[in-house]
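Hello,

Here is the structure we talked about. Please open it and keep it beside this email while you read.

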Amino acid sequence: MFIYTPGSMTNTFFVSLQRMNNLTQRNRRYNDYPSFSRKYFGERVQKVSINAGFTCPNRDGKTGYGGCTYCNNQSFNPEYCSEERSITEQIEQGIRFFDHKYKTQKYLAYFQAYTNTYEPIEKLVAKYEEALHHPKVIGLVIGTRPDCISNELLTYFNALQNTYYVTVEYGIESTLDSTLEFINRGHNYQTAVDAIHMTSKAGIHTGAHLILGLPKESREDILGHAKRISQLPLHTIKLHQLQLIKGTKMAHQYKEHPEWFRFYSADEYIDLAIDFLEYLNPEFIVERFISQSPTELLVNKIWGLKNFEFVHKLEKRLKDRDTWQGKYF
């Protein structure tokens, strides 16, 4: 088994990842992230979210204004995550939040809010390395857009892997250009394909986000996402149900055109997620199936399920249906 030690982040990662995937598939009906994390790091590792004060090319006019129609970063940032605090202060706050449960665990600095590769490289490096300077931080998770990556930055990340764990996560959201245009993403699906291939070719762990249930998308469209992304060199994937956030353009669209939207009950979404899994590449590690925004920000009804409760119900349904990730891949 490959265990994390400084200086060991080489191509061994990809060989080890495949071996761990094979092991996971024999024990679980899908490749779950906690199993991967325990096997890969050899100890408990927790992500700490950071708001490093970035903006977005879809907000400042480079590609558009107003951002994606569903976007409100308050809906997923923890309370300690504020650009008014330094990166080091946010990490310390995050560690205090988790430290009472797990005193010895290590941390990944998760640059989450907005587009975390959208500044000149010298400014990016300064922010990343402030996070890595913390003695309990052993790596970076960088959330970004596929139209905001460069070979220069990927070269830096590749070199960084000699000492630290690095993941770049891209917001794909949909594989349909019609949907991407409708939600004002400011890029097409091919842009995501190109960025993912470029990142994987650079030897960097590559993740992707998808929203299941975007306006006007049918069940067949959603299963098509699974089929298309399964052809990409991804390592991890995060799924999110559509959450309608107050004050967003999408919330206003819902008031005017509710027929464009399909909100799933928890049981309906579980079946949809399982249908999606059946077509998903069995080598992909699934980090999560749902996101949870603060209740006071939501327009659509919440399910009242914690993440672990949702996963328990999903795993039971997988067993009841006698199915698994990649069944139809």
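Start with helix 3 (residues 87-99) and helix 4 (residues 121-132): their axes come within 9 Å and cross at roughly 35°. Why quote both an angle and a distance? Two packed helices are described by the angle between their axes and by the distance between those axes. The crossing of helix 3 past helix 4 is right-handed. Which residues make the contact? Helix 3 supplies Ile 87, Thr 88 and Ile 91. Helix 4 supplies Lys 127, Glu 130 and Ala 131. Sorted by type, the residues of this contact are three nonpolar, one polar and two charged.

Keep in mind that this is a predicted model.

To count as one here, the two sulfurs must lie within 2.5 Å.

Take Cys 56. The closest cysteine sulfur to its own is in Cys 68, 6.2 Å away, so the two are too far apart for a bond. Now take Cys 71. Its closest cysteine sulfur also belongs to Cys 68. That distance is 5.9 Å, which is too far for a bond.

Cys 71 is partly exposed, at 22%. The cut-off for buried is under 20%, so Cys 71 does not count as buried.

**Thr 199**

Look next at helix 7 (residues 189-201), where you will find Thr 199. Its relative accessibility is 0%, so Thr 199 counts as buried. What does Thr 199 touch, leaving aside neighbours within four places in sequence? It is in contact with Leu 154, Val 168, Tyr 170, Ile 204 and Thr 206.

Thr 199 and Ser 150 are 49 residues apart in sequence. In space, their C-alpha atoms are 9.2 Å apart.

**His 205**

Finish in strand 5 (residues 205-212), which includes His 205. His 205 has a relative accessible area of 1%, so this residue is buried. Which side chain does His 205 meet in a polar contact? The partner is Thr 167, and the contact between the two side chains is 2.9 Å.

Write back with any questions.

Best wishes

Notes. Residues are numbered from 1 along each chain as its sequence is written. This is a predicted model: local features need pLDDT of at least 70, side-chain atom pairs count only at pLDDT 80 or more; totals for chains, interfaces and linings use all residues. Side-chain values use heavy atoms; hydrogens and water are left out. Helices (H or I, at least four residues) and strands (E, at least two) are DSSP runs, numbered from the N terminus. Buried means under 20% relative accessible area, exposed over 50%, partly exposed in between (1.4 Å probe, protein chains only). A polar contact is a pair of N or O atoms within 3.5 Å; within protein, one must be able to donate a hydrogen and the other to accept it, and residues adjacent in sequence count only if both atoms are side-chain atoms. Contact means heavy atoms within 4.5 Å. Axes are lines fitted to C-alpha atoms, for helices over the stretch in contact, and angles run from 0 to 180 degrees between N-to-C directions. A crossing is left-handed if the near helix is turned anticlockwise from the far one by less than a right angle, and right-handed if clockwise. Ala, Val, Leu, Ile, Met, Phe, Trp, Tyr, Cys and Pro count as nonpolar, Asp, Glu, Lys and Arg as charged, and the others, Gly among them, as polar.
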